[in-house]
Amino acid sequence: MEFREALRIAARSIRAHRLRSGLTVVGMVIGIASVVVFATFGASVQAAVIADIGETNANNVFATPASGDDGPPGRVSGFGQPVFTEIDVETLREQEGVEAVIPQGIVGVSTMAYGDQTIAQRQATATVPATFTDDSLVSGEAFELGANETVLNEAAAKAFEQNVTVGSTVKLTLATGETRNVTVVGITSGTRGGFVSGFGEVTPRVYLPVDPFYPTTVESPSVGADVRAYPQVTVVANPNAVESVKQATETYLTTESDAAELLSEGAEIQVQTSGDIVETIQQVINRITRFVTGIAVISLVVAAIGIANITLVSVTERTKEIGIMKAVGATNRDTMQLFLTESALLGTVGAVVGVPVGLVVAWGATRFAEVGFTIAGEWVVFAVIVGIGVGVVAGLYPAWRASKVDPIEALRYE
Amino acid sequence: MCCSGRVDDAVSPRTADSREFFPVRTQPLVVSPVSNDSPATGVAGADESPHSEASERAPTPLVELAGVTKRYQLGGTVTALDDVSLSLGSGSYTAVMGPSGSGKSTLLNLVGGLDTADEGRVRVADDDLGAVSESRRAEKRGTDIGFIFQTFNLMPRLTAVENVALPLVFDGWDRDDRLDRARTVLDDVGLGARYDHKPNELSGGQRQRVAIARALAPEPSILLADEPTGNVDTETGAEIMRLLGEIHERGNTIMLVSHSRRIAEHAERIVHVRDGRIEDVEEVSDLAATPASGDDSRDTRRGRN
């Protein structure tokens, strides 16, 4: 029998039971759509995270102290120990291929006041002007070292009833109880040298020059005097030399640096490029996506059982028709083809409707989560193939049953 | 899959003469329409036809059953047919008559290739139905054999034309060709105005006409009718029998199963079956055949288009 004719007959019998077929298709749509939703949402989040880190900090090499066991990279225990001295920063800056070295430290703050309003601000980031780029500064410019100046991120600038603008003065109360009036010289949308800084955009951040605000000092083993020491250093490399800078930084920091000497027992210096971090995050998101999508696949299986069930009912209900068709020349193969076409058609309709539904829901989810929309192409293809495959597989047994119907018995069936 | 050459072959004969609607299949049959004194129907041992000595070659009967036994397992073994031998010539009109459970329907199912014999041989139009594959039997049901049932057995969701075209679907006909063919056959059984009606929009007699048209559509070698008037009133039954008579007159071979003598008498000969054996073969005289058709004038008016 021609496939076109089988399709026509199958479509007709599906239409004859609109409600039943409709509900089966709904099951299929839910199955396919949920796979598409979770896969697409996962891909979107991943793409958004990678874009944040990758674009702004592609050539950054991060160095932090971390606990020495074989914990996953990026783990933060030991994070915060100030081991990188000014001496180390200077030495790193002289390496080949290095554009800038950005140390970052934490300055304890209790409140920030602007106009009549005072808000709580737990901490400020002490860093150097190189942390700001022209691209990241929304208005104004970077602060100067040694000046009573600050740069706020957009969230901090909007934290007050009246937006803080460049040139305003805010009053910072430091953790020590000291009060400083600082001039806002710039508003930034992000910085380099931040560890996964892309996540921080909604948190108010205050940036201060290390001189005069950063108070932490240690005695440098190499020069024997007290110098500033930071818990985190970012080496901004020439884009063509990221890998060699990473190697050189790692070698220096783990052998001859002050940091190597100052490091507490059991800790080690961890040097990572943003590529390493991206890879790690990608792995984690991938794993979560696969897990959740795997759960969605369960609903596909349930939908498959629905199709099998409905096709079985259809076979039983149409026993007499099968008998008639066999009496007028339908072979077992023809009969099987008819029912397989019917179940495959249900699966295909489910896939065709399920994919756009899934994409729309996923799009909504990405809007809600405020990440960009990235279609997980391979998963969409997977869902469609699985949908049609599920239809065929679910129809196999019922179709086989139909092909085995004895025409004489079937013709007697009422 | 569809072979246009084949379709042409099947369709072209009718274009010559539109009245000549049920052309005889020529391939296996050498026997010209059988006369009363040379019956093409024989019982056990009456092999071939009496012509055999006269003609150069012995003509092969269209249907030949030799020593056919069929048993069913229904609680115990039931022998539905016991060593039955029978042959039907091409163009013959045979009624198989007997009470319920006599094995007459089993006989029809075996000839129709719906079932296979446990012992013996069933040949229909050059094929040993017990020896060919299941799919070849299915093909034969669609091309060589036309079934007419007591309960019509039409597909409820298909229109009259689509029902008639159904065997041609499985035979690989092109859609337009088979719908054309179906309309022509429907015209000929007097249902020209009912092409697109579904079975539930048709009367019992009309449904049986659709079923007859469906049986005729592939130009089968033999028509098998199982109590074709069993589900219609007497008057409609007479119309159906009249239509079958016409179809026979145009050269078609018919095998009819009935428990009613009045119906069976429309045939040229009656094979009496009882307890799975052939009891007797009776030749029906022309005189006996006519009165059973009842109201003749009415039949004529309705039977024609």
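This is a predicted model: local features need pLDDT of at least 70, side-chain atom pairs count only at pLDDT 80 or more; totals for chains, interfaces and linings use all residues.
Residues are numbered from 1 along each chain as written, and chains are lettered from A in the order written. Local features need pLDDT of at least 70, side-chain atom pairs count only at pLDDT 80 or more, and side-chain values use heavy atoms, without hydrogens and water.

**Exercise 1.** Find which residues of the largest nonpolar core touch the most other members.

Solution. A nonpolar core joins buried Ala, Val, Leu, Ile, Met, Phe, Trp, Tyr and Cys residues through side-chain atoms within 4.5 Å, where buried means under 20% relative accessible area (1.4 Å probe, protein chains only). Among the 53 residues of this core, look for Val124(B), Ile222(B) and Met255(B). Next, follow Val124(B): beyond its neighbours within four places in sequence, its contacts (heavy atoms within 4.5 Å) include Leu62(B), Leu129(B) and Ile222(B). Apart from this core lies another, of 48 residues, including Val107(A) and Ile119(A).

**Exercise 2.** Work out the strand order of the open sheet of 3 strands in chain A.

Solution. Strands are DSSP runs (E, at least two residues) numbered from the N terminus, and two strands pair if DSSP finds at least two bridges between them. The order is β2-β12-β11, with antiparallel pairing. Both β2 (84-85) and β11 (217-219) of chain A are edge strands with a single partner, so each has one side without a neighbour in the sheet.

**Exercise 3.** Locate how β11(A) meets β12(A).

Solution. Start with the link: 3 bridges join β11(A) to β12 (residues 226-230) of chain A. Then find Glu219(A), which stands opposite Asp226(A) in β12(A).

Terms used. Buried means under 20% relative accessible area, exposed over 50%, partly exposed in between (1.4 Å probe, protein chains only). Helices (H or I, at least four residues) and strands (E, at least two) are DSSP runs, numbered from the N terminus.
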